[in-house]
Amino acid sequence: MHDTSSRLPGQAAKPAVIFAGIPAAVRVLFMACAWLLPLSLLAPSPARAADVVITSENKGAETISLGFIDFKCAKGDANSIPFAPHAVIAGDLDFSGRFKVKSASQFDSTTKGAFKAEGALAYVRGEYALEGDNFNLSCELIDIDSQEKILGKKYSGKKADLRASAHKFSDELTYQLFGEKGIAQSRIVYVNKRGGNKEISVMDYDGANVVEVTKNKSINLMPAWIDGKNKVIYTSYAGGQPQFYLKDFESGKNGVLFTSKGMNTSPGWNKMDKEIVYASTMDGNTEIYRRVFPDGKAQRLTFSGSIETSPSWSPNGYEIVFISDRGGKPMVYVMDRDGANLRAITHEGDYYGSPTWSPKGDRIAFAAMDEGNNLNIMTISPDGKDPAKLTTQAGSNENPSWSPDGRHIVFMSTRTGNSEIFMMDADGKNQKRISFSGGNFMPKWSDY
Amino acid sequence: MNLKHWTLLGLGALAIIGCPKPPPPAPKSEPQPPRMEEPRAEPRPEAPKVDEEALRRQRIQARIAEVFKPVYFAYDQSTLSAEGQSTLQEIGKLMKEVPEITARVEGHADEKGSNDYNLALGERRAKTVNDYLSSYGIQGTRLSTISYGEEKPASEGHDEAAWAKNRRVEFTTTF
């Protein structure tokens, strides 16, 4: 299975807790049962630290217990903001599946005992100040026994950015303890029915901070992130035929990206080569095309008279997974980035849709129709083996999209009677609803 | 008066009265329908041409509304049923008759399945109808296609009755 112990390229080592009796130069690897180590080993040196890196053989299997103390509002009115920063951080840690969080309102001997009973070696505490339009936030990870600070971060800015800073700390904490990037600062772009029209919106991955991207009262569909979280491409009927539009969050501009004959839909971003793959009827039939972003020449990849649509890149940009009905029914196919080596990876069943490749490269998620004509989310290995069904008997479940760390999937479900956005772990556990306004669908998870 | 005078008088009377005419010949073949008394036209100024044109346009609009009906499809199919073909035959005839009519052929699908595939399916249906109408010799410039997939349902329901109404091609005409 996937090895999560390797560092991301270009990252410097970070200081952490040192364990007496173990040479500082040696990187310590400890599994989830770390809390069974005798406490005498856990005497940190005040000045320096060795690396603490967790390995997990199975995704989501290893967790760290952490204590968590409510942050103090040192200045200003805590009620003047709609959330407590520590609630945001605790929510991030809990959702990630990496932590078991034990909360308390203050740290004393009782709390210390309770934390240690849960196996926690450290706890999170912090405080914030609100002055006029501005905030200051200070967050710390403290060793339970020595009270030494393992990690300390300070943030400041406008009140509107306080939530983002809380998310940033969650990610910094995750990286400190796991050596992997957290997803607390990621975003979801999606289609949102407003006033009877299908418009594009974005929100934080936890459902907060919704921002409207379109307001053109037309039909807007199939948004996708371009260039990290900086841009969103989408298909819109605002100009008549469905064509690609681009919203640039840095410049604020929102307009046509390019047009062609027919319709352009289903865009997918390749960050390795800065290309998009998409489905178009520019040559008469629905086929797959590829272009260098933003305005490269269209390269046609498929040449069958059948329907080819829903393309998605492999994380290394070498391959494309897509849907084709050249065999009579819409099935999942994979081809090289130039259209060669085209083959089906599903062979049974009647109907498949919206395949999407995990950023970890090892699984492809897609929707598969059951006997009741409902779609369910499934994953499969890229060579078509080891299918896993992640939803069942819960309305129709479509348009899966992976979190940037490949540990979670966002998707649309009609199980509540209306289309809403849900999230779950990559193995189908912990299914959780994150939208509530009805008419929300086609979600796509951003990069980190 | 003597006989000569009476005869002259009688002849003179006849000349004045005239000979009784022989009855007109019997009408030929089938009986004629009773002739309608036409209302006497009021004398009026020269009628402007646009009245006739407006009348003609009205008649054609009415025919358009009658003839350009949706064409329906079976689940996951883009082939035309017999009923679909006959609808298209009427449309083809009208478009040939009235060259000013242009039509946008709009393809749709029901909500089952994925949005992407349904866009392509709607496109396929629109293309099938477009090709059929083109075979009537209707110029390409008078026809265009667009697909809405499952995004613009005719019926918002979630049962077969609603789905059947949504698997369709519709027309937006200009005239």
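Predicted model: local features only at pLDDT ≥ 70, side-chain atom pairs only at ≥ 80, totals over all residues.
**Contact between the chains**

Chain A contributes 23 residues to the contact, and chain B contributes 14 residues. On the side of chain A that touches chain B, two or more residues come from each of strand 16 (264-270), strand 20 (308-313), strand 24 (352-357) and strand 25 (364-369) of chain A. Sorted by class, this side of chain A holds eleven nonpolar, ten polar and two charged residues.

**Domains of chain A**

Chain A is divided into two parts, domain 1 (28-178) and domain 2 (187-445). Their centres, taken over C-alpha atoms, are separated by 35 Å. Where these domains meet, five residues come from domain 1 of chain A and seven residues from domain 2 of chain A. The side of domain 1 of chain A that touches domain 2 of chain A has no nonpolar, three polar and two charged residues.

The table sets out the class make-up of the two sides described above.

| Chain A, touching chain B | eleven nonpolar residues | ten polar residues | two charged residues |

**A loop residue**

A:Glu250 lies in the loop between strand 14 (243-248) and strand 15 (254-258) of chain A. A:Glu250 counts as exposed because it has 8 C-beta neighbours inside 10 Å, and a residue is exposed if 12 or fewer other C-beta atoms lie within 10 Å of its own. A:Glu250 and A:Asn230 are 20 residues apart in sequence, and their C-alpha atoms are 6.4 Å apart in space.

Note on methods: Residues numbered from 1 in each chain as written. Chains lettered and ligands numbered in written order. Contact = placed C-beta atoms within 7 Å. Helix = DSSP H or I, 4+ residues; strand = E, 2+ residues; numbered from the N terminus. Nonpolar A, V, L, I, M, F, W, Y, C, P; charged D, E, K, R; others polar. Domains from an automatic or database assignment. Buried ≥ 20, exposed ≤ 12 C-beta atoms within 10 Å, placed from the backbone.
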